[in-house]
Amino acid sequence: MQLELRIEKLVQGGEGFARLPDGRACFVQGALAGEFCRVELTRDKKDFAHGKLVKILERSPDRETPRCANYNKCGGCSLQHLSAEKQALYYESVSRENFRRLAHADLPENFKIHMGPAWGYRNRARVVISRAKDGKVRYGFRMQKSNGIIPFANCPVLTPAVNEFLKANASKIYEESVQNAKRPPRNFELDVNVFDNGNGKVSYYYKGMPAADFEKKAVSVVEIAGKKIRSDASVFFQSNLSLLPELVYAVQNAVDEGIASGEASDAWLIDLFSGVGFFAAILKDKFKKITTVERDDGCLKHAKENLSGGGNVENVSAPAEDWLAKNVVDCPATLIVDPPRTGLPPSALDAIVKSSVNRVIYVSCDPVTLARDFTKFREAGFCLKKAEGFAFYPQTPHLEMLFVLSR
Ligand SMILES: C[S@@+](CC[C@H](N)C(=O)[O-])C[C@H]1O[C@@H](n2cnc3c(N)ncnc32)[C@H](O)[C@@H]1O
């Protein structure tokens, strides 16, 4: 069924929101606020519907022609039709609305979005390399809801260095993995992580890479805020090096303010979900004792090195919830948490609110779990002191957030 609808606003996920004649909400991918569109209903549920944009009858002045040939195919950059300046407004308004809806609270008046370059920013990616029937090696992104691959020659959000690297090396990496795995060079698909350190080196990793190659091919050093951080392409690292210093400075400020106010102290920094010890390494000199906790064993060696050079430092390889269950935090330590999309495991959150921690610096990549966790912190007496947004993934609806909570 087709309908003509006026799009009221953009919502979480970047879809346009309209009301059907019967009052139900209808979400339309690719439509912009204010536009009048012909929409084909693709999912018709009791309380809401989804629609496909068929024709724009009245066009928004904020609309742009998508830059990428794979727009609407790869599922990665679904906001390309919105101008970069308006993306900043989108991030702000959707964050405010989400938080009101999910946490029944307002983000602070001064909540702002940090924006970096709109294109060519992404320094880290997972691509799939395969050999087609014609014998040619191709690479692309795996589609989100299927196993299919969307090939690309140049992805406009990847850094130029990653694009150049793939052009020059995809075939070589494929052959190398065939030889290493001693498997016939048939049509298998090789998942490869690629990582640009922002300073001329692109490293890579695939499962089955010989241990002897790892140091040379996968390991890399990144310089952020004057600090050299060692990592490798097999583990988590932040994906937007241009904007990362702004997040680092915001975290540094939050730490300094906490210590100055007495809500936290310089006696102990606890960096949970620490990856390679990224935040702790940058903040190291401010603290008498440091603990980093990370579940991925691959990070441990790097964390040790990134925090080497003396001091009272322990790098723990364990789930954060397990570490919290076994260790008593009985002083107002400075706590940074940077969990994955799923947010804080419930037992970790419980342990934090029962501890002597009075200030939490929460870095989040998912506004929904952040709002959920915030409500639990609020029940335990915490309030939201500060909130900032970081547009780490322009052209997509994803936003990184920093919350400072205190009680
Ligand atoms: C968003 S990343 C943050 C990493 C680090 N703070 C950084 O900026 O590089 C989340 C990290 O949490 C780790 N992780 C996921 N679940 C965990 C858990 N239950 N306990 C500890 N670490 C976990 C992941 O391996 C990943 O390195």
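What follows looks at the ligand site and at one lysine in this predicted model.

Start with the ligand. Its shell holds 17 residues, and those that come nearest are Gln238, Glu294, Ala320, Glu321 and Asp338. As for secondary structure, two helices each put at least two residues into the shell: α5, spanning 278-283, and α7, spanning 320-326.

The side chain of Gln238 places an N or O atom 2.6 Å from an oxygen atom of the ligand. With Ala320 it is the backbone that takes part, as one of its polar atoms sits 2.8 Å from a ligand nitrogen. Glu321, by contrast, uses its side chain, where an N or O atom lies 3.0 Å from a nitrogen atom of the ligand. As for cover, the ligand on its own would expose 600 Å², and the protein buries 93% of that area.

Then there is Lys216, a residue of helix α3, which runs over residues 211-217. Lys216 has a relative accessibility of 67%, so it counts as exposed, the cut-off for that label being over 50%.

Note on methods:
Residues numbered from 1 in each chain as written. Predicted model: local features only at pLDDT ≥ 70, side-chain atom pairs only at ≥ 80, totals over all residues. Heavy atoms only, no water. Near = heavy atom within 4 Å. Polar contact = N/O pair within 3.5 Å; in protein donor to acceptor, adjacent residues only side chain to side chain. Areas by Shrake-Rupley, 256 points an atom, 1.4 Å probe, with all protein chains shown as cover. Helix = DSSP H or I, 4+ residues; strand = E, 2+ residues; numbered from the N terminus. Buried < 20%, exposed > 50% of the residue type's maximum accessible area, 1.4 Å probe, protein only.
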